[in-house]
Amino acid sequence: HAAALAAIPSMNITRLGALLRHHSPPEAWAIVRGEAPGGPAIAHVLADAARRANWARGAAQIDPADVWSRCTQLDVAVIPWGDPRYPVALLDDPLPPPVLFVEGAISALAGPQVAVVGSRSPTASGRELAFELATGLSKYALTISSGLALGIDSAAHLGALQARGASIAVMGTGPGQVYPARHRRLAARIVEQGGALVTEFVPGTRPEPSNFPRRNRIISGLSLGVLVVEAALPSGSLLTAQCALEQDREVMALPGPVRSPL
């Protein structure tokens, strides 16, 4: 039911989060379908009749069994807010993901993590340093988190794998859909080596630009701190750093040439 709720197009994360804070996924599904009234704790969410009608129409097009079957076929765990497996660290975010989809080792989400992020078009030096830092941090039993993107992200994941450490890739797509496609083998290696692929997007979600700022807050939220290795102004990497500050995380930057645009 949690996955089906997340698949309703008219259901945003604020309202779904409110529902799941006060009701179990089956109860929330019944409320959305118009089969239960909901409690007083979420009266402000349920007050808009037009919104509830949109939810009901959207839910009528979704079969929870079908959504669950897709997740099972992809070997993906569905972890809603309130599930004991849900990462406690993410609760520091003002809008924690109501539902997570996880492929791989769920236990990796609970360990100490450092996020390493940066430009998709780094210098050779930046790429090498991201790899070396991720390798070194992994040797201290820190999990390396990043966004599976080109450039610094992939170098960080590869550095963790080189050290036989765990890595977590937070995706801006639905489970089973790796973006960019050239990183399919990298994603598979992350899972094989005891890491995980994490997303808040339901199966079938394509890599839309609006997905990636949402992804970034999960990268920073899971971590103890964020290390930025080369980033343009503006950039997704600096958005991740901003999210980290808002979540009271450490933010670190790798020094570079003062005239470098990154």
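Two strands pair if DSSP finds at least two bridges between them. The views below show details of a predicted model.

**View 1. Strands β1 and β2 pair in an antiparallel arrangement.** Strand β1 covers residues 77–80 and is joined by four bridges to strand β2, residues 99–104. Within this pair, Ala77 has Val102 of β2 as its bridge partner. In a regular strand, side chains alternate between the two faces of the sheet. In β1, Ala77 and Ile79 point one way, while Val78 and Pro80 point the other way, and all are buried.

**View 2. Strand β4 is joined to β3 and to β5.** Three bridges link β3 (residues 113–118) with β4, and these strands run parallel; Gln113 stands opposite Thr143 of β4. The chain passes from β3 through helix α7 (residues 124–138) to β4 in a right-handed β-α-β crossover. Three bridges also join β4 to β5 (residues 167–170), again in parallel, with Ser146 opposite Ala169 of β5. From β4 the chain crosses through α8 to β5, and this β-α-β crossover is right-handed. Along β4 (residues 143–146), Thr143 and Ser145 point one way and Ile144 and Ser146 the other way, and all are buried.

**View 3. Ala160 lies in helix α8, residues 152–162.** Ala160 counts as buried because its relative accessibility is 0%, and buried means under 20%. Leaving aside neighbours within four places in sequence, the contacts of Ala160 include Ala134, Ser138, Ile144, Ser167 and Gln193. Ala160 and Ile144 are 16 residues apart in sequence, and their C-alpha atoms are 6.3 Å apart in space.

**View 4. The largest nonpolar core has 27 residues.** Leu5, Ile8, Leu19, Val32 and Phe101 have the most contacts inside this core. At least two core residues come from each of α1 (2–6), α2 (13–22), α3 (25–32), α4 (43–46), α5 (49–60), α6 (64–73) and β2. A second, separate core of 22 residues includes Leu100, Val117, Val226 and Ala244. Beyond the neighbours within four places in sequence, Leu5 is in contact with Met11, Leu16, Leu20, Pro25, Ala28, Trp29 and Val32. In soluble globular proteins, nonpolar side chains tend to be buried together.

**View 5. Asn211 is found in helix α10, residues 211–222.** With a relative accessible area of 7%, Asn211 is buried. A polar atom of the Asn211 side chain lies 2.9 Å from the backbone oxygen of Gly172. Not counting residues up to four places away in sequence, Asn211 touches Gly172, Phe201, Thr205 and Arg206.

Definitions and conventions
Residues numbered from 1 in each chain as written. Predicted model: local features only at pLDDT ≥ 70, side-chain atom pairs only at ≥ 80, totals over all residues. Heavy atoms only, no water. Buried < 20%, exposed > 50% of the residue type's maximum accessible area, 1.4 Å probe, protein only. Contact = heavy atoms within 4.5 Å. Core = buried A, V, L, I, M, F, W, Y, C linked by side-chain atoms within 4.5 Å. Polar contact = N/O pair within 3.5 Å; in protein donor to acceptor, adjacent residues only side chain to side chain. Right-handed = clockwise from strand over helix to strand, strands pointing away.
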